[in-house]
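Visitor: Can you walk me through this one? I'd like the local details, with cut-offs.

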Amino acid sequence: MNPIPSTPTVAIARELRRLGLKQGAMGDFTVAGHYVRKERRFSYVTVTSKEAERLLVEHADEIEERTANGPFPFKVSVRYVGDIPFIDIHNGPAERVRELPESARRAAAEQPAEAAEQAPEAIEATEATEATETDAPAAEQAPDPLAVPAGLYVVPRMSTRLHDWYGLECGRCTPGVRQELPGEWDNRADAARAAQDHYEFTHRPADDVLSLEELEELERWPLSAAQYQVLSYARHGQLQEFADGFWALDVNPCKFDVNKKVAAARVTRMWTAGLLGVRADGPGARLFVLTKTGRRVADLLWRAQRQGLRTEVPAKDAALAPEPGRPTSYPTLAEGRYFVGEERPQAPAAEETQAPEEAPAEPAPVAEEAPAAPAMDWRDEQAAKALGWSTKHAAAVRAAVDGHLVRDEDGTPRLVTRPGLGGTPIAAGRLVPLEAAGYLVHGDPDEHGRRPILPTADARRALALWDHFQPTPAERGRKQEHLPLAPLQGGEEHQRRAAKFAAEQAQREVERERFYAELAERHAAEELEDRCWDAWARVQDITHRLGRKVPAGWAPTDEEVDLHRLDPEIVALLRQRAAAHAAEQAPAEAQAPAAVDGPQQAEQAPEQGELWNGRPGPLPGPGVVEPGMHVEYLPGFRPGARTRHCHGGVIVSVGTTCVRWRPYKWHQDVRTPLDHMRIDPTMHVNQREWVRRMAADLDAGRPLTRHPEWTVWSLAQHLAHAAEQDEQAAVEETPAAPPARVVVIPCGGAKQAQAAPAGELYTGGYHRACRRAADALTAQGGTTLVLSALHGLVTLDQVLEPYDLRMGQPGSVTPARLAEQARALGLDRATDVTVLGGAAYTAAALTVWPQAATPLAGLGGMGYQLQALAAIAAGAAPAAPATPPTPECNLTLQYRVAFMVTTGRAQGPNREGASSRDHHPDRDHRGRRGRHRRPGHPHHRRGQPARPQPGGGGRAHDRRRHPGRNPPQLRDQHRPGPERHGRLHPHRPVPGRPLLQ
């Protein structure tokens with residue numbers, strides 16, 4: 001005997017395998033479950049073979065009967081499309097369907113027609129026979145008193161001396177679990193009758209499938225969940241009315257005296273619709289009960305919910321029509337209104353003392369009727385769900401509607417609930433998407449410089465939709481608050497964007513049509529040129545095509561036209577072009593100068609911006625060597641065949657003697673002397689412009705344009721040429737009076753949503769702190785510049801668009817651009833320059849003013865820098881300017897800073913372009929750190945361990961090199977000097993020589 005199945009899957013799979021079917025993805029069937037919110041509601045079977053469908057059609061009743069005897073009954077539905085069966089096996093709430101194939105239905109439809117042709121006597125005899133055969137067994141069959149409905153089980157309990165006791169278990173109250181029902185019976189028939197009563201009261205309504213009439217009746221009552229709950233309260237006698245409102249009493253069965261207040265409008269509307277009735281429950285109290293219509297609607301809703309037909313419950317209360325014959329208004333106890341004949345509560349006894357006479361009350365002013373709220377439909381609900389607001393966004397819009405949102409003079413938004421107070425600052429990034437989506441705008445500033453943040457019509461409408469439909473708020477953390485929001489669907493901003501998109505789309509359509517028209521004209525012109533070239537090639541007996549154009553001024557003769565049978569249209573066109581070319585050449589030949597002896601170059605120097613812009617980045621030219629440019633070996637210095645990298649690549653950084661460059665398709669940088677490399681002209685030249693100029697030279701009969709002379713210079717020659725040009729420019733320029741103090745402050749990440757002057761665009765706290773310090777430094781006169789990662793050096797009144805770029809990222813401003821902007825502002829020779837900002841911005845400013853003061857350098861974290869800025873703003877003097885670097889290392893400093901600004905990472909050279917790894921005393925000749933010293937090191941002994949030296953070494957030497965590992969007293973006694981073993985210590989400065997970091 002098989003054990004009782006523990007799950008529905010085991011129960012149905014066992015019955016199907018009994019029929020010989022195989023379970024699994026490659027078998028005849030699979031069993032799966034239907035889940036709602038991670039809860040399994042029912043199980044179903046998927047049939048995957050034709051043989052399985054045939055067997056299930058034959059044994060459908062048998063499967064239902066065998067599963068009904070177990071804890072998990074299943075339903076087998078058979079549907080047909082034509083003669084193709086579709087099997088549905090599940091234990092869910094859906095109905096059970098049994099259909100016949102199309103052929104069987106057609107045969108059944110033909111049988112009545114054949115029976116109609118029989119004689120009336122034969123029909124009567126047949127009906128009598130059938131009635132006799134049908135009634136006979138019915139009379140013999142009697143109802144089984146021990147029959148138990150499907151899903152209910154009579155379970156024997158422990159017997160006593162006089163009786164056998166039985167209990168009930170139900171497998172349908174909780175799907176998948178046999179739940180014990182209360183009660184015990186000493187007779188099995190009594191237990192079976194109790195099981196039938198439980199089925200009739202609890203499960204019979206769910207099994208009775210709703211008819212079409214009942215479904216239509218149910219559609220007339222689209223009650224919400226709250227209205228259905230009111231019906232449930234009334235069914236159980238829990239809904240009552242008192243002088244303080246409507247209450248549902250004892251709603252929590254687990255706790256005593258837990259009452260819940262019910263909306264008065266909801267109850268009165270349901271009473272007006274005829275779903276609820278009222279009974280007096282003593283003075284000042286009423287009890288609500290279900291009417292006949294209310295019980296009918298409650299039963300239909302319950303059955304529909306049990307059968308899975310009511311999956312989507314409206315969130316909004318249904319607008320119920322009043323029942324004919326009932327008054328439209330309900331007399332509530334709170335208003336002191338009663339039904340006719342209703343007992344009223346006794347009034348309290350009046351006081352004996354006579355109250356003073358009161359002055360006659362003035363008539364109350366008539367209140368103006370508030371405008372009715374616009375009707376809400378499904379479109380408004382979709383618009384509310386599409387807002388994408390978080391609770392903080394809704395609170396910000398609500399504060400703007402209430403007039404409590406302002407923006408300070410420095411750009412900080414604040415929530416001011418009481419006039420005269422400073423208010424609470426809120427995150428500026430929270431308001432940026434609201435302003436961009438058209439929900440908030442700024443008003444005119446008041447006498448204190450504060451600008452109110454006002455809501456738009458879209459904001460008021462969106463807030464009304466938010467409060468009415470209450471969509472699920474978007475989960476946005478502090479870092480996601482600045483993400484963009486969608487405008488209100490159908491609002492002003494949405495219509496403006498739609499109109500802009502439509503205009504852009506129309507413009508794109510016009511441009512598309514114009515493009516295809518020009519393309520068709522170009523194709524026609526090219527086809528005509530091809531036909532002209534074919535005629536010329538046929539005459540010249542040319543087979544392989546070498547070009548597109550026919551030589552200017554050529555036209556076929558009559559003999560050539562007859563010999564090669566050329567197209568007359570093409571011949572006429574060629575002769576017309578030849579005549580026009582001859583007319584153009586005649587005046588030129590008449591005005592041509594006399595010929596000169598010797599070759600004369602007729603080329604014209606092309607413009608650099610047009611010919612050398614083939615690659616994005618710096619434009620090559622004489623004296624231009626910058627990171628990002630393409631270089632290659634000079635012909636005499638190319639490495640041999642053993643070199644694995646390419647002969648060309650991209651410059652990473654430039655030193656005084658060597659260049660660091662990355663070969664193409666290589667993973668390491670290569671350092672090469674400047675005399676061995678040159679700029680690769682083929683990578684920077686604009687090939688299309690180059691070919692056009694060569695074709696023009698060929699057509700005009702001039703010598704071909706050649707590359708300029710500087711394309712064969714080495715990188716050292718370029719740098720020498722740049723130095724010479726700088727010296728000449730310095731000699732030609734007259735010394736001007738140095739400008740006043742210049743203070744450079746960085747830009748910030750937090751910005752306004754719209755274009756604004758540079759002094760107002762940035763709203764971050766760090767930028768505002770730098771701005772306050774700059775204002776203090778320039779109080780007696782001076783200039784404050786903002787160093788923007790995108791725009792470079794800008795004045796405070798220059799209007800900028802918002803952007804998102806940090807210094808050092810691709811696309812940021814270059815040192816050459818900064819020097820050019822400083823020269824244009826007349827501040828390149830300023831001597832009193834102070835730079836306030838982080839490392840990247842300070843390094844960029846030092847490329848223009850190497851002698852600038854950097855008060856924030858070396859202070860560490862953001863907190864120390866903000867303290868220093870606050871001290872400067874309070875009037876404290878900034879740190880002294882840094883010692884200007886010596887001329888011999890100035891060029892190296894510029895190249896290293898330029899590399900850090902361009903690539904976003906620090907460069908390796910410490911001095912004279914050499915890596916710190918090459919000068920470290922603890923590394924071998926391959927740059928590895930360890931005990932193996934390179935030859936020549938004081939600690940290097942071939943075959944012997946290292947011995948301590950007079951200057952230190954061994955374990956004591958290592959401890960002195962790492963003072964953090966020694967106690968304070970040892971650290972103070974052994975303090976190494978700046979020099980060790982005849983070489984400079986790489987981590988300590990030397991007086992007289994600048995430290996490059």
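Visitor: Ground rules before we start?

Guide: This is a predicted model: local features need pLDDT of at least 70, side-chain atom pairs count only at pLDDT 80 or more, and totals for chains, interfaces and linings use all residues. Residues are numbered from 1 along each chain as its sequence is written, and side-chain values use heavy atoms, with hydrogens and water left out.

Visitor: And what counts as a helix or a strand?

Guide: Both are DSSP runs, numbered from the N terminus: helices are H or I with at least four residues, strands are E with at least two.

Visitor: OK, the sheet. In what order do the five strands of the open sheet come?

Guide: The order is β15-β14-β13-β17-β16, with antiparallel pairing. Two strands pair if DSSP finds at least two bridges between them.

Visitor: Which strands stand at the edges?

Guide: β15 (424-425) and β16 (440-442) do. Each has a single partner strand, so one side of each is left without a neighbour in the sheet.

Visitor: Which helix packs on that sheet?

Guide: Helix α13 (residues 428-436). It touches β13, β14 (413-415), β16 and β17. Contact means heavy atoms within 4.5 Å. The direction of α13 makes about 105° with that of β16. Axes here are lines fitted to C-alpha atoms, for helices over the stretch in contact, and angles run from 0 to 180 degrees between N-to-C directions.

Visitor: How many bridges link β13 and β17?

Guide: Two, in the antiparallel sense, between residues 405-407 of β13 and residues 451-455 of β17. R407 has R451 in β17 as its bridge partner.

Visitor: Switching to helices. Which residues of α11 are buried?

Guide: In α11 (residues 378-385), D380, A383 and A384 are buried. Buried means under 20% relative accessible area, exposed over 50%, partly exposed in between (1.4 Å probe, protein chains only).

Visitor: Why do they line one face?

Guide: Seen down the axis of α11, they fall within an arc of 100°, so they line one face of the helix. The arc is that of the directions from the helix axis to the C-beta atoms. On the other side of α11, W378, R379 and K385 are exposed.

Visitor: What covers the buried residues of α11?

Guide: The cover includes α14 (457-469).

Visitor: Now E214. Buried or exposed?

Guide: E214 has 14% relative accessibility, so it counts as buried. It lies in helix α7 (residues 212-219).

Visitor: What does E214 touch?

Guide: Leaving out residues up to four places away in sequence, E214 touches V209, R296, L300 and R303. The side chains of E214 and R303 also make a polar contact of 3.5 Å. A polar contact is a pair of N or O atoms within 3.5 Å; within protein, one must be able to donate a hydrogen and the other to accept it, and residues adjacent in sequence count only if both atoms are side-chain atoms.

Visitor: What else does β20 pair with?

Guide: β19 (residues 648-654) pairs with β20 over five bridges, in the antiparallel sense. A hairpin of three residues joins β19 to β20. Four bridges join β20 to β21, also antiparallel.

Visitor: Which residues of β20 are on its covered face?

Guide: V659, W661 and P663 are on the covered face, while C658, R660 and R662 are on the uncovered one. In a regular strand the side chains alternate between the two faces of the sheet.

Visitor: Last topic: how many disulfides?

Guide: The count comes to zero. A disulfide is taken as a pair of cysteine sulfur atoms within 2.5 Å.

Visitor: And C532, buried or exposed?

Guide: C532 is at 0% relative accessibility and counts as buried. C646 is partly exposed, with a relative accessible area of 34%.
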